[in-house]
Amino acid sequence: MSRPPRVLVAGGSLGGLTAAHVLGDLGCDVTVLERSPEPLTGRGAGIVLHPATVRWWRERDVRPLREMSAAMRRLRYLDADGTIADEQSCRYRVSSFDALYRDLAARMDPARHRLGCAVAGFEVDEDGVTVALEGGGSARCDLLVGADGIGSRARRTLLPAIEPRYAGYVAWRGAVVEHDLGAAALDALLGAIAYHLMDHSHFLTYPIPGADGSVEEGRRLTNWLWYRNVREGPELDALMTDRAGVRRPVSLAPGMVSGPALDELRGAGGARLPPPLAGLVDATPEPFLQVVFDIEVPRMAFGRACLIGDAAFALRPHAAVGSAKAAEDAWTLGAAMRDADFDVPRALAAWEPGQLALGRGALERTRRAGERAQHTNEWRVGEPLPWGLYATGDSALD
């Protein structure tokens with residue numbers, strides 16, 4: 001190819017922006033098309049870092065990990081009264097969606113990071129991809145990267161028979177500033193990853209950077225997740241109906257959860273959680289939630305289009321590698337493009353088998369972890385965490 005390959009990335013979250021940087025650094029002409037008209041900040045979600053997730057920061061010398069993450073060296077299991085039932089050493093780093101997103105977005109040329117620009121449809125032919133844009137207009141590219149998440153329009157176009165499969169539970173989430181925690185909560189939680197196992201449920205918490213990006217103790221946020229089983233049908237429909245009366249398919253952002261659902265959450269927290277964890281839930285002004293799905297695709301490459309991250313395999317959160325999987329898809333895609341001398345069909349054909357194998361393996365491990373915690377009650381106090389991408393434990397970072 002006499003000119004740099006023209007690449008369009010559908011979706012401007014962490015996976016899409018990572019793919020844009022990786023391919024752009026190889027010389028590709030890359031533009032990101034993001035549906036949201038606003039930057040994707042303010043999500044408040046915690047992320048466990050993995051070597052694949054932070055590879056861009058390390059190789060591009062963006063900034064030291066200690067400035068964007070907290071080192072976790074203790075894993076605790078809490079009893080029903082909040083005392084420590086088990087403690088063991090660990091080697092993880094934890095951060096937040098906002099901290100990663102800000103760095104990835106800040107190093108994008110704004111002209112190549114188009115907000116409020118959604119893909120309406122596309123057609124793949126031998127020579128390229130014609131992309132139709134919502135609101136009119138079209139664009140032509142040599143490679144279309146579908147990085148548009150669980151509800152991926154790219155996946156629906158390429159694999160219309162593939163639907164998300166509900167796992168039977170949801171993840172409630174929230175975050176509280178550390179200096180707002182009471183003494184009992186600080187004693188139990190400060191500087192540690194903490195888990196509490198219940199009958200058909202579990203809760204975890206760990207610190208993440210504050211809203212201003214600070215990782216200083218006291219200014220950080222304490223991020224929490226509570227996995228709760230919800231029956232599919234009217235019960236799930238009622239929970240996922242927002243304050244405006246709209247049934248949301250995947251998630252409810254802060255400020256969207258209905259009053260009755262929040263009242264039920266806080267009541268359940270007081271009844272079921274150890275006092276330090278119930279206090280976290282009570283101290284969170286606007287908890288948010290996400291439905292847990294499994295998504296598995298039989299293909300990721302389609303001539304001159306591909307799927308990465310959650311658009312291809314949506315992993316249950318229990319291995320803490322959703323962002324790592326998307327980043328690994330992006331890095332291996334870049335390597336395949338380079339090795340194929342930017343012959344897109346040849347690159348995708350070489351790239352696909354390894355990423356399908358990775359996705360299937362990671363999905364099975366996260367599915368098994370979720371079933372053991374939420375449905376069969378096999379997860380036991382003191383077990384090592386199932387965190388890892390290729391294998392349990394490979395998320396370790398100093």
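Modeller: Begin with a definition: two strands pair if at least two bridges are found between them. Keep in mind that this is a predicted model. Strand β2 (residues 29-34) and β6 run parallel and are joined by three bridges.

Biologist: In what order do the strands of the open sheet lie?

Modeller: The order is β6-β2-β1-β10-β17, five strands with parallel pairing. At the edges are β6 and β17 (305-307), each of which pairs on one side only. From one strand to the next, the twist averages 20°.

Biologist: Which strands does α1 lie across?

Modeller: An angle compares the N-to-C directions of two axes and runs from 0 to 180 degrees. Helix α1 lies across β1 (6-10), β2, β6 and β10 (143-146), and runs at about 170° to β2. Another helix, α10 (residues 344-374), lies across β10 and β17, with an angle of about 25° to β17.

Biologist: How does strand β14 pair with β11 and β13?

Modeller: In a regular strand, the side chains alternate between the two faces of the sheet. Here, β14 pairs with strand β11 (residues 165-177) in the antiparallel sense, over nine bridges. Val-177 stands opposite Leu-221 of β14. The pairing of β14 with strand β13 (residues 201-208) is also antiparallel, over eight bridges. There, His-202 stands opposite Tyr-227 of β14.

Biologist: Is β14 (residues 221-229) mostly covered or mostly open?

Modeller: A residue counts as buried when its relative accessible area is under 20%. In β14, eight of the nine residues are buried, and the strand is mostly covered.

Biologist: How many residues of α3 are buried?

Modeller: An α-helix has 3.6 residues a turn, so residues three or four places apart point the same way. In α3, eight of 10 residues are buried, which leaves the helix mostly covered. Among them are Phe-97, Asp-98, Leu-100, Tyr-101 and Leu-104. The buried residues of α3 pack against α1, β3 (46-48), α2 (55-59), β5 (84-96) and β6 (113-115).

Biologist: How many cavities of 30 Å³ or more does the structure hold?

Modeller: A cavity is a space where a probe fits but cannot get out. The structure holds two of 30 Å³ or more. Helices α1 (14-25), α3 (97-106) and α9 (322-339) each give two or more residues to its lining. Residues lining the largest cavity include Leu-14, Thr-18, Trp-57, Leu-100, Leu-104 and Ser-323. By type, that lining has seven nonpolar residues, four polar and no charged.

Biologist: Why is Ser-323 called buried?

Modeller: Ser-323 is called buried because its relative accessible area is 18%, and the cut-off is under 20%. Ser-323 is in helix α9. Apart from neighbours within four places in sequence, Ser-323 is in contact with Leu-14, Ile-47 and Thr-53.

Biologist: Which residues line the second largest cavity?

Modeller: Its lining is made by Glu-178, Leu-181, Leu-189, Leu-190, Gly-191, Tyr-206, Pro-207 and Thr-222. Five of the lining residues are nonpolar, two are polar and one is charged. The volume of the second largest cavity is about 30 Å³.

How values were computed
Residues are numbered from 1 along each chain as its sequence is written. This is a predicted model: local features need pLDDT of at least 70, side-chain atom pairs count only at pLDDT 80 or more; totals for chains, interfaces and linings use all residues. Side-chain values use heavy atoms; hydrogens and water are left out. On a 1 Å grid over the protein atoms alone, a cavity is a set of points where a 1.4 Å probe fits but cannot get out, and a pocket is an open set with protein on both sides within 12 Å along at least five of seven lines; lining residues have an atom within 4 Å of a point. Grid points are joined across faces, edges and corners, and a volume is the space filled by probe spheres set on the points. Helices (H or I, at least four residues) and strands (E, at least two) are DSSP runs, numbered from the N terminus. Ala, Val, Leu, Ile, Met, Phe, Trp, Tyr, Cys and Pro count as nonpolar, Asp, Glu, Lys and Arg as charged, and the others, Gly among them, as polar. Buried means under 20% relative accessible area, exposed over 50%, partly exposed in between (1.4 Å probe, protein chains only). Contact means heavy atoms within 4.5 Å.
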